[in-house]
Amino acid sequence: MKIVVVGATGTIGKAIVTKLEQEHTVITASRKGADVAVDMTSIASIQGMYEQVGKIDALVVAAGAAYFGPLTTMTPEDNEQSIEGKLKGQMNLVLLGLEHLNDGGSFTLVTGIMMDDPIKQGASAAMVNGGIRAFVKSAAIEMPRAIRINSVSPNVLQESWDKYADFFVGFNPVPVERVAQAFVKSVLGGQTGQNYEVY
Ligand SMILES: NC(=O)c1ccc[n+]([C@@H]2O[C@H](COP(=O)([O-])OP(=O)(O)OC[C@H]3O[C@@H](n4cnc5c(N)ncnc54)[C@H](OP(=O)(O)O)[C@@H]3O)[C@@H](O)[C@H]2O)c1
């Protein structure tokens, strides 16, 4: 399979690439330092990426910035960061990517545990996670040409614990390898419309 991984240089993305590149052709994508440069907040940049890579069998997203901050001080502009980054960014990768996917191909997006297990300062990020989950479930029933779509919802990672421990008090972080395995299940398996919880 020919697979594009957006966010391939990140903590989750690197682990996905390590697994998939053993038996597949993986094209890495991110704003800097990958095979293909893409900024998922820009429609023109997404279109440029798809033109560059040609027809593919799978598009995997392990990227998407979301706003963290107290609800009482959150501004509409703060919230917009989550919508532009993680919500619209991922949806636009799907909308613009459909015609570039081969028959039977797949999209795999990323959500996160906060939509199910809330943390303080997480309302905006939780909102976009829930939006992506709902989009995936709905979009799955309209996908043409046997194209599948799923999302993966990671718990906080052991590898990110130093950065996020103060936000996720009482959580049991999971190894990134388990999260990457859920992405592999989505790409190589037969299911669609799923949100794989790695909690
Ligand atoms: N880490 C966790 O504990 C955890 C838990 C649950 C959910 N998640 C979610 O999983 C996703 C990835 O998390 P991570 O921890 O692996 O992130 P990370 O280590 O910060 O990596 C982010 C990746 O996305 C790329 N990226 C960032 N902005 C981009 C943009 N506008 N366009 C294209 N690529 C972009 C980065 O490369 P460039 O900077 O070069 O673009 C990098 O490759 C995020 O949506 C996060 O919310 C993470």
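**The ligand and its pocket**

Author: This is a predicted model. The ligand sits in the largest pocket.

Reader: What volume does the largest pocket have?

Author: About 1,000 Å³.

Reader: And which residues lie nearest the centre of that pocket?

Author: A62, A63, G64, A65 and Y164, out of 37 residues that line the largest pocket.

Reader: Which helix gives the most to the lining?

Author: Helix 1, with 3 residues. At least two residues of the lining come from each of helix 1 (11-20), helix 3 (76-95), helix 4 (123-139) and helix 5 (161-164).

Reader: How does the lining split by class?

Author: The lining of the largest pocket has 18 nonpolar, 14 polar and 5 charged residues.

Reader: Now the ligand itself. Which residues come nearest?

Author: T9, I12, R31, M40 and G64, from a shell of 23 residues around the ligand. By class, that shell has 10 nonpolar, 9 polar and 4 charged residues.

Reader: What lies 2.9 Å from a nitrogen atom of the ligand?

Author: A polar side-chain atom of D39.

Reader: How much of the ligand does the protein bury?

Author: The protein buries 81% of the 890 Å² that the ligand exposes when taken alone.

Note on methods
Residues are numbered from 1 along each chain as its sequence is written. This is a predicted model: local features need pLDDT of at least 70, side-chain atom pairs count only at pLDDT 80 or more; totals for chains, interfaces and linings use all residues. Side-chain values use heavy atoms; hydrogens and water are left out. A residue is near a molecule or strand if one of its heavy atoms lies within 4 Å of it. A polar contact is a pair of N or O atoms within 3.5 Å; within protein, one must be able to donate a hydrogen and the other to accept it, and residues adjacent in sequence count only if both atoms are side-chain atoms. Accessible areas come from the Shrake-Rupley method with a 1.4 Å probe; for residues, only the protein chains shown count as cover. On a 1 Å grid over the protein atoms alone, a cavity is a set of points where a 1.4 Å probe fits but cannot get out, and a pocket is an open set with protein on both sides within 12 Å along at least five of seven lines; lining residues have an atom within 4 Å of a point. A molecule sits in a cavity or pocket if more than half of its atoms lie within 2 Å of its grid points. Ala, Val, Leu, Ile, Met, Phe, Trp, Tyr, Cys and Pro count as nonpolar, Asp, Glu, Lys and Arg as charged, and the others, Gly among them, as polar. Grid points are joined across faces, edges and corners, and a volume is the space filled by probe spheres set on the points. Helices (H or I, at least four residues) and strands (E, at least two) are DSSP runs, numbered from the N terminus.
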